[in-house]
Each structure stands twice: as C-alpha cells, then as structure tokens.
Amino acid sequence: MISSLRQPVVGISGSDLLLRQRHATPVKARSFLPSLAREKGHGSLVSVHKPLHIASSLGGANFSSVKSGGKGDLVKCEAYEADRSEVEATNTPSEASKKVKIGIYFATWWALNVVFNIYNKKVLNAYPFPWLTSTLSLACGSLMMLISWATGIAEAPKTDPEFWKSLFPVAVAHTIGHVAATVSMSKVAVSFTHIIKSGEPAFSVLVSRFLLGETFPVPVYLSLLPIIGGCALAAVTELNFNMTGFMGAMISNLAFVFRNIFSKKGMKGKSVSGMNYYACLSILSLAILTPFAIAVEGPQMWIAGWKTSISQIGNQLIWWVAAQSVFYHLYNQVSYMSLDEISPLTFSIGNTMKRISVIVSSIIIFHTPVQPVNALGAAIAILGTFLYSQAKQ
C-alpha cells in the first residue's frame with residue numbers, strides 16, 4: 001500500500017495491537033495508525049515526501065511475533081519509506097518523451113520560419129505588394145483551418161460572441177504587426193528586419209512600465225541596454241538602410257507587444273487550444289485587413305504588377321506566393337501550439353534562437369553584404385534579448 005501523503009518520517013510499531021485475551025475492551029481501529037487529521041499546531045507522523053509501504057502480517061512478510069514476558073504475542077507492523085528514485089523512475093519515460101516533443105516543436109518552428117522568410121522575400125522582390133502578400137498569408141491559413149474543421153481533421157473550437165469580442169483587439173494588433181513586418185521586408189534585407197525586431201523586449205518593458213504601471217527588477221532594465229544599443233549600431237551601419245523598412249520593423253514590434261497584452265487580458269479562462277486560437281485570430285485578422293489592402297493597393301495595381309512579374313520571373317512566382325502563404329500559417333500555428341507545452345520563458349528563449357537562424361540563413365541565401373560592425377550590433381542585440389529572457393524569469 002502506498003500513501004501519497006507527505007510530512008516527516010514515519011515509524012509504526014505494533015504496541016497498539018496488544019491483543020490479549022484478558023482484555024474485555026475491544027481495540028479501536030484508529031489506534032493502529034497515526035492520526036492523519038491533527039489539530040493545528042500538531043505535526044503529522046506520516047511523511048508526504050516519500051511513499052509509505054506497510055507490510056502485511058497475514059502474508060507472512062515483514063511481520064514478526066515478539067514475546068512479551070510470556071503474556072501473549074506482540075504483533076509488530078513495520079513500515080518504511082520508498083526511495084524517491086523508485087517513484088521518479090516511473091516518471092522518467094514521460095519526462096523524456098515531453099523533452100523530445102518540445103525539441104520537435106522548436107526544430108519545426110525554426111525550420112518553417114526560415115522557409116517562410118526566404119519565400120516571402122522572393123515574392124516581395126519580384127512582386128512588391130506587401131499588403132496583398134499579407135492578405136494572402138492570412139487567407140491561406142484561414143482556408144486551411146476551415147477545411148480541417150469541416151473534414152474533421154481538427155476539432156472545431158467552441159466559441160461564443162464573448163470570445164470573438166475578446167479576440168478583436170488582439171486581431172487588430174496582430175494585423176498591424178503582420179503588415180508592418182511585411183512592408184519592412186519589402187524595403188530592407190530580411191536580416192535587418194529581424195535584427196530590429198529582436199528589440200521587441202524593450203518595447204514590452206516600456207509599454208508595461210509607462211502605460212500599465214508594472215515594475216520590473218533592475219536586471220530586466222539593464223538587459224535593455226544591449227538590446228537598444230545593438231539595434232542602434234546595426235541600423236547605423238546597415239549598408240542598404242531604408243527608413244520605411246526601419247519604421248515598419250519598429251511598428252511591428254510595438255503592435256506585437258500590444259497583441260500580447262490584449263491576449264493575456266482578454267483570453268483568461270478561455271479554453272481554446274493554441275492551434276484553434278491562432279486559426280480564429282487569422283480569420284478575424286483577414287476580415288480586418290482585406291478592405292485596407294484593397295484601399296491602399298487595389299486590384300488594378302495587383303493585376304498590372306502580376307503581369308509584369310510573371311513576364312520576368314515566370315510561373316515559379318505562383319509557387320513562391322503559395323509557399324510563403326502556407327509556411328506563414330504553419331510556422332505561426334506551430335509556435336502557438338508550442339505555448340501549450342512550454343513556459344513563456346522557454347518560448348522567449350526559443351524565439352531568440354529562431355531569429356538567429358533566420359538572420360544567418362537569409363544572409364547566406366541572399367548573399368547579404370554585412371560589415372563586421374553591423375554583425376557586432378546584431379550579436380549584441382540578440383545577446384541582450386537572451387539576457388532579458390533570463391532576467392525576467
């Protein structure tokens with residue numbers, strides 16, 4: 001028999017079980033075991049730190065008959081606490097499988113993000129319409145999830161008007177951040193956009209401090225110095241600097257900070273999985289973005305630009321557009337699914353490592369010229385992001 005209760009150590013002897021024929025008063029069962037319900041101020045004898053094993057006398061194991069002055073047998077009940085390793089050994093496989101699962105999530109998340117950024121930049125170089133590109137990304141993800149729900153591949157979420165009301169400000173911030181990042185990448189190198197976007201923690205702390213009144217430990221504020229300094233150094237030394245691209249990345253940072261704040265406030269108590277949450281977010285963002293995309297760029301510009309791009313690039317442009325749309329949804333979906341399995345701190349560290357993989361891979365693939373000082377600024381900014389995630393735990 002194993003007890004899951006915890007307190008100090010237990011030792012049970014059978015002195016309470018003196019079953020002698022000359023006693024007329026029956027022995028009460030509660031005198032056999034120490035009381036589990038003590039009054040306040042009295043400690044319990046039963047350990048809760050380790051399982052308690054009590055040997056059975058009737059089976060003949062660990063019971064002994066002790067003669068007490070010839071006055072009958074004294075039954076002795078022996079108890080011992082199981083070694084912690086006996087219990088933890090049973091949990092080892094599940095812990096190991098969980099670590100493997102998290103590792104698969106991270107590897108998939110990073111790989112999908114790298115592929116998305118490559119195809120997204122290819123599309124924007126050949127077909128520079130960031131508002132339409134952003135709309136197609138959301139439309140593709142929304143269509144994929146609607147088909148998954150209709151066919152039963154994924155279980156449809158149970159939502160109500162209150163859910164969509166809480167999701168609306170999150171979707172607005174997500175839409176702004178998504179479009180601003182796409183505009184940024186249409187004007188500057190992918191690596192530069194992600195270097196600036198690594199400064200998001202600085203926006204998070206400043207917004208939380210001055211708008212929400214939150215305070216942070218001193219190490220958190222100190223970690224912002226390398227983030228801000230590194231981003232500034234990278235921006236000043238960027239060979240192909242563009243103000244629109246720089247401001248797009250900065251606006252994206254600010255928008256995603258508000259997205260996180262609205263998400264934490266509005267989604268408390270909502271039982272929707274990470275995958276379905278992002279699907280609903282994509283659908284609502286698509287509804288918000290579509291009229292603005294038509295107003296800013298419009299079908300006439302899209303058609304004229306498409307004919308020009310097809311004549312120069314060929315039909316592979318269709319594949320690029322489809323790939324960037326699909327991979328955009330998949331990498332975001334995996335990142336939201338990983339939030340169901342890991343802590344925000346682990347997610348933050350994973351996001352930092354993701355930016356490193358995107359920056360390095362984009363520099364290699366697009367042959368982006370990088371000065372040593374520019375690379376130093378990027379390294380300092382990313383190091384500051386890592387220190388921030390450590391200081392905030």
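UniProt positions are given in the numbering used here, feature names are shortened, and annotations may be inferred rather than shown by experiment.

**Figure 1. Annotated segments in the predicted model.** The structure shown is a predicted model. An unreviewed UniProt entry lists as "transmembrane region" residues 102-119, 131-154, 166-196, 216-236, 243-262, 274-296 and 356-388. Two of these segments are described here. Residues 166-196 are 94% helix and 0% strand, with 29 Å between the end C-alpha atoms. Residues 243-262 are 100% helix and 0% strand, and their end C-alpha atoms lie 28 Å apart.

**Figure 2. Confidence along the protein.** The mean pLDDT of the protein is 79, and 74% of the residues reach at least 70. Helix H2 (residues 130-151) has the highest confidence, at 96, whereas strand E1 (residues 2-3) has the lowest, at a mean of 43. The pLDDT is below 50 over residues 55-73, a stretch that makes 26 contacts in the model beyond near neighbours in sequence. Residues 84-91 also have a pLDDT below 50, with 4 contacts beyond near neighbours in sequence. Where pLDDT is low, the predicted coordinates should not be read in detail.

Figure 3. Histidine 194 belongs to helix H4 (residues 190-197). Its relative accessible area is 5%, so histidine 194 is buried, the cut-off being under 20%. The side chains of histidine 194 and asparagine 117 are joined by a polar contact of 2.9 Å. Leaving aside residues up to four places away in sequence, histidine 194 touches Asn113, Asn117, Met185, Arg355, Val358 and Ile359.

**Figure 4. The ring pair of phenylalanine 192 and phenylalanine 241.** The structure contains 15 aromatic pairs. Phenylalanine 192 is in helix H4 and phenylalanine 241 is in the loop between helix H6 (218-236) and helix H7 (243-266), so the pair ties together parts that are 49 residues apart in sequence. Phenylalanine 192 is buried, at 1% relative accessibility, while phenylalanine 241 is partly exposed, at 37%.

Figure 5. Phenylalanine 216 and tyrosine 221 form an edge-to-face pair because their ring centres are 6.2 Å apart and their planes are at 85°. Phenylalanine 216 is buried at 14% relative accessibility, and tyrosine 221 is partly exposed at 30%. Elsewhere, ring pairs link Phe106, Trp109 and Trp110 into a cluster. Arginine 209 lies over the face of phenylalanine 210, 5.9 Å from the ring centre.

Conventions
Residues are numbered from 1 along each chain as its sequence is written. This is a predicted model: local features need pLDDT of at least 70, side-chain atom pairs count only at pLDDT 80 or more; totals for chains, interfaces and linings use all residues. Side-chain values use heavy atoms; hydrogens and water are left out. pLDDT is the predictor's confidence in each residue, from 0 to 100. Helices (H or I, at least four residues) and strands (E, at least two) are DSSP runs, numbered from the N terminus. Contact means heavy atoms within 4.5 Å. Buried means under 20% relative accessible area, exposed over 50%, partly exposed in between (1.4 Å probe, protein chains only). A polar contact is a pair of N or O atoms within 3.5 Å; within protein, one must be able to donate a hydrogen and the other to accept it, and residues adjacent in sequence count only if both atoms are side-chain atoms. Rings of Phe, Tyr and Trp (its six-membered ring) pair if their centres lie within 6.5 Å; planes under 30 degrees apart count as stacked, over 60 as edge-to-face and the rest as tilted. A charge sits over a ring if NZ of Lys or CZ of Arg is within 6 Å of the ring centre and within 35 degrees of the ring normal.
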